[in-house]
Amino acid sequence: MNASLDSTPKTNLLGLTRAELDAFVVGMGEKPFRARQLLKWLYKRCVADFDQMTDLAKTFREHLKEVAVVSTPEITTVQVSADGTRKWLLAMDGTQGIETVFIPEPGRGTLCISSQVGCAMDCTFCSTAQQGFNRNLTVAEIVGQVWLANRELGFEPGGDRVVTNVVFMGMGEPLANYRNVVPAAEIMMDDLGFDISRRRVTVSTSGLVPQMVRLAEETNCALAVSLHAPNDALRDQLVPINRKHPIAELLDACWLYVNKQNARSITFEYVMLDGINDQPEHARELVQLLKGRPAKVNLIPFNPFPGTRYVRSSAAAIERFREILNNNGVIATTRRTRGDDIDAACGQLVGRVNDRTTVRLGSKLISVAVQP
Ligand code: SAH
C-alpha cells in the first residue's frame, strides 16, 4: 500500500517503535492497549490494510485511515537464484532502488537488508561503493524490507517464520545511518514486533568506531566487523575509513562491545582477494590480533563485478588461510557464495543509485552527473 498524496502527511506505522506507537495511539485519544492490537496485525500477521484488522473498533479503524498508513517499499523486480537465494529490487523515490536478499539455509533463513541508497565508505573491493551515496533509508524503509520479505515468504509448515535472521549486510554502512538503524533493529527484536532474538539481528560495520561505542550502550544486537586486512597499511587501502579509525582503535571498540553486551563474540568479515590479503603471513598477522579474543573470522571469497581489479583467491589459498587461523586458536569459517548467478552475493548489490553525491573519504567531494 502507498500513502496517498494528502495535504497532511500520514504517519507510516512501520517507522514507529513500540513506545512511539503507544504514544501515537494515545495521541489519537485511544486506549493504550489498542497499540498492542495494532502491533499484532502489523508484525505477527503482516496485515497492512486497516479494514482487515477485524478486532479493532470500526471508529478506530476509520480514524487510523485518516492519520496513518502502512507503507512498504514497492517491489520492482524479484530474482530467484538456482540455489534458492532471492533478490528483490525495491523502488525508492521513483528512480532510486535498493536491494534486499533472502538466503535460505538448512534450519534458518537469513535476510540481508540495506540501510542506505548507495554507500559513502568507498571500500575498493565493493560494487556498492562504485554507486556512490544518495541518502539514508528511513526507519520505515528499513523495517519495510523485513515486513515485505515476511509477507512474501510467510511461515514454514511447522509454523515458524521463514525469515529467522536479519543481517545489515546489504547496501550501505548501517552505522553511518545510526539514527534510523537503531530503532529499526529495536522493532525487529521487540517481542511484539518481529520478535527475532538479539543474536539473530546483526549489524555489520566497516569500522565507525564512535558509533560502535554508542551501539554498545544503546542496543543489544550482534555485531560483525569488516576487517579484511591484518595491518593498517593494507587496511588503509581496502577500507579507507581505517585512515581515520585504525585497527587498534577498532579492536578496542570491539572488545568493549563484547563486555558491555555480554555478547559471545564479534564476527570479523575478511574478503579473500587473490595475492592481496590472502597470504600465509597475513593469516599469521591476523592470529596475533585475534588470538585469545572473543572473535570469529568469516572468510568471504571475493565476488567479482564489472570493472574490478581484484580476483577471488583460489579455493586452496582460502583453505590454507583458514587452517592457519584454526590451527592457532582462532575460529574461522568460509562463507559459501550464494546467489551469485543473480548478482546477489556480498558486495554485488548495486540497486539503482541515481542523483547521487559521491563522498570520497580522505579526499574531496565529487558529485556525479544526475541521471534522469
Ligand atoms: N557496510 C557494511 C555492510 C555491507 S557489506 C560493512 O562494511 O560491513 C557486507 C559484507 O560484504 C562486508 O564485510 C563487505 O566488506 C563485504 N563485501 C563487500 N564487497 C564484497 C565483494 N565484492 N565480495 C565479497 N564480499 C564483499
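The legends below describe close-up views of a predicted model.

**Figure 1. His228 in a loop between a strand and a helix.** His228 is found in the loop that links strand S11 (222-226) with helix H8 (232-238). The phi angle of His228 is near 70°, which is a positive value in a residue other than glycine. His228 has a relative accessible area of 4% and is therefore buried.

**Figure 2. Asp122, a further loop residue with positive phi.** The loop shown here runs between strand S7 (116-118) and helix H4 (127-130), and Asp122 lies in it. Phi of Asp122 is near 65°, again a positive value in a residue other than glycine. With a relative accessible area of 18%, Asp122 is buried, because buried residues are those under 20%.

**Figure 3. Packing of helix H7 and helix H9.** Helix H7 (residues 209-218) and helix H9 (residues 247-261) have axes 9 Å apart and pack at an angle of about 5°. Because of this angle, H7 is roughly parallel to H9. On the H7 side, the contact is made by Val209, Met212, Val213, Leu215, Ala216 and Glu217. On the H9 side, the residues making the contact are Glu249, Leu250, Ala253, Cys254, Leu256, Tyr257, Lys260 and Gln261. Sorted by class, the contact of H7 with H9 has 10 nonpolar, 3 charged and 1 polar residues.

Figure 4. Apart from neighbours within four places in sequence, Phe268 is in contact with Val225, Leu227, Leu251, Cys254, Trp255, Leu290, Ala295, Lys296, Val297 and Asn298. In soluble globular proteins, nonpolar side chains tend to be buried together.

**Figure 5. Ile103 and its contacts.** Ile103 lies in strand S5 (residues 96-105). When neighbours within four places in sequence are left aside, the contacts of Ile103 are Thr85, Arg108, Gly109, Thr110, Cys112 and Arg338. Val69 is 34 residues from Ile103 along the chain, and the C-alpha atoms of these two residues are separated by 29 Å.

Figure 6. The structure holds 0 disulfides. Cys119 is in no disulfide, and the nearest cysteine sulfur, that of Cys123, is 6.6 Å away. Cys119 is buried, with a relative accessible area of 11%. For Cys221, the closest cysteine sulfur is that of Cys254, at 13 Å, which is too far for a bond because a disulfide requires sulfur atoms within 2.5 Å. Cys221 also counts as buried, at 3% relative accessibility.

Figure 7. His282 lies in helix H10 (residues 280-290). Its relative accessible area is 10%, so His282 is buried. Beyond its neighbours within four places in sequence, His282 is in contact with Pro230, Leu234, Tyr270, Ile276, Asn277 and Phe321.

Definitions and conventions. Residues are numbered from 1 along each chain as its sequence is written. This is a predicted model: local features need pLDDT of at least 70, side-chain atom pairs count only at pLDDT 80 or more; totals for chains, interfaces and linings use all residues. Side-chain values use heavy atoms; hydrogens and water are left out. Helices (H or I, at least four residues) and strands (E, at least two) are DSSP runs, numbered from the N terminus. Contact means heavy atoms within 4.5 Å. Axes are lines fitted to C-alpha atoms, for helices over the stretch in contact, and angles run from 0 to 180 degrees between N-to-C directions. Angles under 35 degrees count as roughly parallel, over 145 as roughly antiparallel, 65 to 115 as roughly perpendicular and the rest as oblique. Ala, Val, Leu, Ile, Met, Phe, Trp, Tyr, Cys and Pro count as nonpolar, Asp, Glu, Lys and Arg as charged, and the others, Gly among them, as polar. Buried means under 20% relative accessible area, exposed over 50%, partly exposed in between (1.4 Å probe, protein chains only).
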